[in-house]
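Please read it alongside the sequence and the structure.

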Amino acid sequence: MNLPFEYDQGTPGEFGGTKPTTASFDNARVVILPIPLDRTTSYVPGTRLGPHEILMASSHMELWDEETETDIHSIGIYTLPELELPFASMDEVVKEIRRVASELVKRDKFPVVLGGEHSITAPVVAAVAARHAGLSVLQIDAHADLRDSFMGTRHNHACAMRRVLEYARCTQVAIRSLSPEEAAAAPTLPTEIFYDFNMRQRDDWIDRIVDSLSETVYITIDCDGFDPAIMPAVGTPEPGGLTWYEGLALLRRVIETRRVVGCDIVELCPIPGNIAPNFTCAKLIYKILSYRFGSELSRD
C-alpha cells in the first residue's frame, strides 16, 4: 500500500517483523515457508491457521537473544507467501511441497517450514536429503507417526515419519503414544526411539540422542512433543513431554555438534484467546536460528 507519508507498523507476514533488516530472497540465508495444510488431522482440526498465527506472534518478539547475545536478523530472513495447495489428492500435495522445497535447497537456503499438519515433513525431507547425503532427522513429538497407512492414505499425518524413513533415518524424542501396529514395526525400521517415560533415567540422555544422529541433520518439531502445560494448542495433546528448557538444551546441543540444514514446526492448532502457544512457537524458531547462526556474527 502506497501512502504519501511513512510510519512504523507491524508486518505479521514477515517472520520477526521487518526491523531492523528487511531481507530480499536473494540475500537471505533463511527462508520461511508457510504451508497451512490441514487435510488429514484426525481429532481437533485447525492446523491450517498455525503458520499465520506464528508469523503474527513473531512480529511482537524482541529480536535480541540473551542466551547467544545476538540478533540474527542480519543474516537475512525472508518469508514466502503461504503455499497454496488446491489439489484433489494428497499425492499431488506432496509432489508440490517437494518441488517448492527443492527450489529452496538448491539455492542453498536454510528452510524453516511452518505447518500445518505433519504430513508436510516427508516431502521437505525428500528435497533436503537429495541435496545432503547421509541426512538424519531429529523428531520431537508425542506420537511415533509410524503407521504405513491411515484413514485411506499413506500421506496421513499419522504416517509422517514412516514416509520420512524412505529418505533418511530418524531419531524420535519424547514419544509417548503409538499403536500396536507401530510398536511391532518400529524395531524393523531405521529409527531410534527415546520414549518420554524413561529417556531421562540416565543423565546423559541428550548426549545419547546426539550420538544417534549423523553429521547432517534436519529437525522436525511437532508442537505436541512439548508438555501441554506450555503447549496446549495441539490437535491431540498427550500428558508429559519436553519442558521449555529441556527442549532448548537438546536443540542447542544438536545444533552445536551437528550440521543442521533445515527445520520445521508443525501441528500448532491455535486456541482463540490464548496467544501463548503461538508466541512459544515463534520464539522456538528464533532460538533455533540463534543457535544455528549466532556464532557467525561478531559480538562487540
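This is a predicted model: local features need pLDDT of at least 70, side-chain atom pairs count only at pLDDT 80 or more; totals for chains, interfaces and linings use all residues.

Residues are numbered from 1 along each chain as its sequence is written, and side-chain values use heavy atoms, with hydrogens and water left out.

**Salt bridges**

Side chains of opposite charge can pair when their charged atoms come close. With a salt bridge taken as a side-chain nitrogen of Lys or Arg within 4 Å of a carboxyl oxygen of Asp or Glu, the count comes to 18 salt bridges. Among them are the following.

| Pair | Closest N to O distance |
|---|---|
| Glu-296 and Arg-29 | 2.9 Å |
| Arg-292 and Glu-296 | 3.7 Å |

Salt bridges that share partners also join Asp-65, Glu-67, Arg-252, Glu-256 and Lys-287 into one network.

Glu-296 forms a salt bridge with Arg-29; because Glu-296 lies in the segment after helix H8 (276–293) and Arg-29 in the segment before strand E1 (30–35), the pair ties together parts that are 267 residues apart in sequence. Helices (H or I, at least four residues) and strands (E, at least two) are DSSP runs, numbered from the N terminus.

On the scale used for accessibility, buried means under 20% relative accessible area, exposed over 50%, and partly exposed in between (1.4 Å probe, protein chains only). Glu-296 is partly exposed at 43%, and Arg-29 is likewise partly exposed, at 34%.

**Packing of H7 and H8**

Helix H7 (residues 244–257) packs with H8 at an angle of about 30°, their axes being 9 Å apart, where axes are lines fitted to C-alpha atoms over the stretch in contact and angles run from 0 to 180 degrees between N-to-C directions. H7 is therefore roughly parallel to H8, a term for angles under 35 degrees.

On the H7 side the contact (heavy atoms within 4.5 Å) is made by Trp-244, Leu-248, Leu-251, Arg-252 and Ile-255, while H8 contributes residues including Lys-287, Tyr-291 and Arg-292.

Technical notes
Angles under 35 degrees count as roughly parallel, over 145 as roughly antiparallel, 65 to 115 as roughly perpendicular and the rest as oblique.
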